[in-house]
Each structure stands twice: as structure tokens, then as C-alpha cells.
Amino acid sequence: MQIRHIKDIEYRLLPGTPRQTTDIVIERDGCITVRPPARMTPEQVDETVFSRRLWIYRNLAEWRDLNATRVVREWVNGESFLYLGSAYRLLLVAEQDEPLKLKDGRFCLLRSVVDAGGKAAAQDAVRDFYIGRGRVRLAQRVKHYAPRVGVQPGAIQVKELGYRWASSLVGGGLHFHWKCLMAPAKIIDYIVVHELSHAHQRDHTDLFWNEVDKVMPDYRERKEWLRQRGAEMEL
Ligand SMILES: [Zn+2]
């Protein structure tokens, strides 16, 4: 991957594809990635990106609006955490048998975790919680949807995936970002169907969306929800 600049636009140039169109995406971290047709030279890609600058500026502005509300964690009582689309308040507790538990509608975090390891340790505890719950839920949902999509899924992993919600490997393996667990169940199901459908079609072509549509006719609403609200799903 190469970082390129055209006037005031900086973008990540991804490897070319056999397709005829150039895919320009504003990623969750606000970076622009561009996947061009393989036949294009980098200079031609620069031109294409520049010709679509109005669309890019508009979408970057929208991304900034959506991200302006991002929380800064202090790890104090009362802070709000998302789990399956609902907000839970943080409660620091003196004693419990696990670092983090969801109990009586609260995210109960062992105070000694924060005292000893600070924000990083608190974040790890919450991340481990999402990963643990995610393994169970995502395995269930993949099992539910795989026959509907008509695919045989491989091993599932829940992990840190940077700016991506999920990815599907060529052998059928599926990786999900632990942040998926912050989203409502309906949205998690969309992410699952989306990834499973990649076993039929690697790229986001009309054929791909047609596969998603067969299993989940209201996928557009769910996809739009994720686009608008995904930025809130941060620790
Ligand atoms: Zn995809």
C-alpha cells in the first residue's frame, strides 16, 4: 500500500483489481482508500481521485461531524458503555471474581484493575469482555446464517481489526472486530451476512449485494445505520 497526495487530498492506494471502476472509500479512521482498476497508472488514479474531490470533501465533512461526538474515557463511575446496542453505566467495584462483569444493568469493573494498570488495563478488561461474549454470539449467528447464505464457514476469530468491522479469509475463516458487540443484534447479523456473502463474491459488486439481499432484504437500512452510527462504537 502506498500513500499518495493529489493537491490537498492524501489517500492510500490499494492494489488494482480486474474491475473497470475505481473504488474510493472514507474509512472509519477518516482515511481515504482507493482501489483502482489494475490497468491504471498511479498518475491516472491521482486524476480520478481529484475529479471526485467534491464527493470526497462532502464525505470527509460528514465523517468529521459523525466523529465530533466521540467520547473521551476517564474510567470513572457513571460512564456509558454500549453492549448490543444498549448503554450501560460503569460501576467500579472493590471485589468480584472477574475483572469485568455485566451485572444488574451495570458494567462492573474491578477498581484494582484501573488502580494498578490505568486506562490501558481498563480498556483491556473491557475488550476481553467483548471478545469473550463475541466468540459465543458470533459463532451462533454464523451457524444460523451460513446455511441461508449457502456457505460452509471456517474458523471464527474475534479480535482487534483496526478500522474494519470484519473480514473473510479465502479459506472461509471469518474475523470480527470486538467492537461489533457494541452494535444492536440486528446490525451484528448484517455484518455476519455481509462477510458470509463474500464467500460467493469477493468484491462489493451488484452481484455481491444481490447475495446479501436474498438473505436479508432490509440490509440497506442496517448498512446505513452502521455507516451513521459506527463512529460511536469506541472505547
Ligand atoms: Zn465487504
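Biologist: What makes the contact between Arg 222 and Asp 218 a salt bridge?

Modeller: The N to O distance between the side chains of Arg 222 and Asp 218 is 3.0 Å. A salt bridge needs a side-chain nitrogen of Lys or Arg within 4 Å of a carboxyl oxygen of Asp or Glu, so the pair qualifies. This is a predicted model, in which local features need pLDDT of at least 70 and side-chain atom pairs count only at pLDDT 80 or more, while totals for chains, interfaces and linings use all residues. Residues are numbered from 1 along each chain as its sequence is written, and side-chain values use heavy atoms, with hydrogens and water left out.

Biologist: Why is Arg 222 called buried?

Modeller: Its relative accessible area is 11%. Buried means under 20%, exposed over 50% and partly exposed in between (1.4 Å probe, protein chains only), so Arg 222 is buried.

Biologist: Why does Asp 218 count as partly exposed?

Modeller: Asp 218 has 23% relative accessibility, so it falls in the partly exposed class.

Biologist: How do you know that Arg 4 and Asp 46 form a salt bridge?

Modeller: Their closest N and O atoms are 2.8 Å apart, so the pair meets the definition. Arg 4 lies in strand β1 (residues 2-6) and Asp 46 in helix α1 (residues 42-51), so the pair ties together parts 42 residues apart in sequence. Helices (H or I, at least four residues) and strands (E, at least two) are DSSP runs, numbered from the N terminus. Both Arg 4 and Asp 46 are buried.

Biologist: How many salt bridges does a search of the whole structure find?

Modeller: The search finds 15.
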